[in-house]
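I opened the notebook to look at strand pairing, ring contacts and the surface. My entries follow in the order I looked things up.

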Amino acid sequence: RFLREGDSLWPTDQSGIHCWYNDTLRTVHRNPDKLAFRRAQFLRRRDREQLWFGTCDGLYSLRTWTGEVDTIRAFQGRCVRAMERIRGRWYVGTYASGAFVETKDGFRVLPQDVHGFLSHVHAFMEDKAGGLWMSTNRGLFRVRSEELDRFLSDTTWTLHYDYFGEWSGIGNSQFNGGCDPAFVRMSDGTASFPTLEGLVWFKPEEVPGMWPSAPVLIEDLVVDGGLSQITMGMVP
């Protein structure tokens, strides 16, 4: 993994995290061992003095001048594979523990979809239409920014996800992670995501939403296997 900042380059490998500056490579952090799951999966700038990095056993904050590392307790023991700052908030993707969003009180887990496909999140990508895209082991998800704002301010609010799988033309819906970033935006606006059977290309801003365009008509309600007596009506 690499993070480039001006005239500095931060590379990671199985031994630790390093900084290349003025033709000199300095080791800033050494991993406890050389096991693959200890390796940093990404590097993100937290502030002037600290970098975020995630491994398959947690999320950490590295003080770049001293090499001291703080463990983020909310992710201790979790496999943290992706992290992005979008619209002033940090989003964290994990393997098997779902996706998280930063709040003023810490990190809050995003609700699972009905099938549980959001358990493994590889990447977060924002589009210019206010959508947040997440690639997973079982397809692509999109959620609107205003939906996320409502969810974070109202604990009773249910998020609506747009879901794209094989039915939408994706030959194999198992997207790849383990690289940083796990997508590319090209100069013409096309997004490119890797899957097990090739690249999925699309222009995010041109993909129509899946919100119902008309009210839902309720005709019957079944309770405990029996038809309930209700008044037929419209749900906006």
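Entry 1: I began with Glu-126, which stands opposite Leu-132 in S14. The model is a predicted one, and I read every contact below with that in mind. I then followed the pairing of the two strands. S13 and S14 (residues 131–136) run antiparallel and are joined by five bridges. Together they form a hairpin, with four residues between the strands. I checked the turn and found Gly-130 there, with a positive phi of about 85°.

**Entry 2: burial of S13.** Is S13 enclosed or open to the outside? I looked up its six residues and found five of them buried, so the strand is largely enclosed by the rest of the structure.

**Entry 3: ring pairs.** I searched the whole structure for aromatic pairs and got 15. I took Phe-75 and Phe-100 to start with. Their ring centres are 4.9 Å apart and their planes meet at 70°; a pair counts as edge-to-face over 60 degrees, so this one is edge-to-face. I noted both Phe-75 and Phe-100 as buried.

Next I went back to S13 for another pair. Tyr-91 and Phe-124 lie 5.7 Å centre to centre, with 40° between the planes, and the pair is tilted. Tyr-91 belongs to strand S10 (residues 89–95) and Phe-124 to strand S13 (residues 121–126). This pair also links distant parts of the chain, with 33 residues separating the two. Tyr-91 is buried, and Phe-124 is buried too.

I also traced a cluster. Ring pairs link Trp-133, Phe-164, Trp-167, Phe-175, Phe-183, Phe-193 and Phe-202.

**Entry 4: charges over rings.** Which rings have an arginine over them? The charged end of Arg-81 sits over the ring of Tyr-95, 4.2 Å from its centre. Arg-150 lies over the face of Trp-157, with 3.9 Å to the ring centre.

**Entry 5: the surface.** I finished with a nonpolar surface patch of about 420 Å². Val-184, Met-186, Leu-199 and Trp-201 make it. I placed Leu-199 in strand S19 (residues 198–202). Is Leu-199 buried or exposed? Its relative accessible area is 55%, and exposed means over 50%, so I logged Leu-199 as exposed.

Methods:
Residues are numbered from 1 along each chain as its sequence is written. This is a predicted model: local features need pLDDT of at least 70, side-chain atom pairs count only at pLDDT 80 or more; totals for chains, interfaces and linings use all residues. Side-chain values use heavy atoms; hydrogens and water are left out. Rings of Phe, Tyr and Trp (its six-membered ring) pair if their centres lie within 6.5 Å; planes under 30 degrees apart count as stacked, over 60 as edge-to-face and the rest as tilted. Buried means under 20% relative accessible area, exposed over 50%, partly exposed in between (1.4 Å probe, protein chains only). A charge sits over a ring if NZ of Lys or CZ of Arg is within 6 Å of the ring centre and within 35 degrees of the ring normal. Two strands pair if DSSP finds at least two bridges between them. Patches are made of residues with over 30% relative accessible area and no salt bridge: like charges are joined within 9 Å, nonpolar side chains (Val, Leu, Ile, Met, Phe, Trp, Tyr) within 5 Å. Accessible areas come from the Shrake-Rupley method with a 1.4 Å probe; for residues, only the protein chains shown count as cover. A salt bridge is a side-chain nitrogen of Lys or Arg within 4 Å of a carboxyl oxygen of Asp or Glu.
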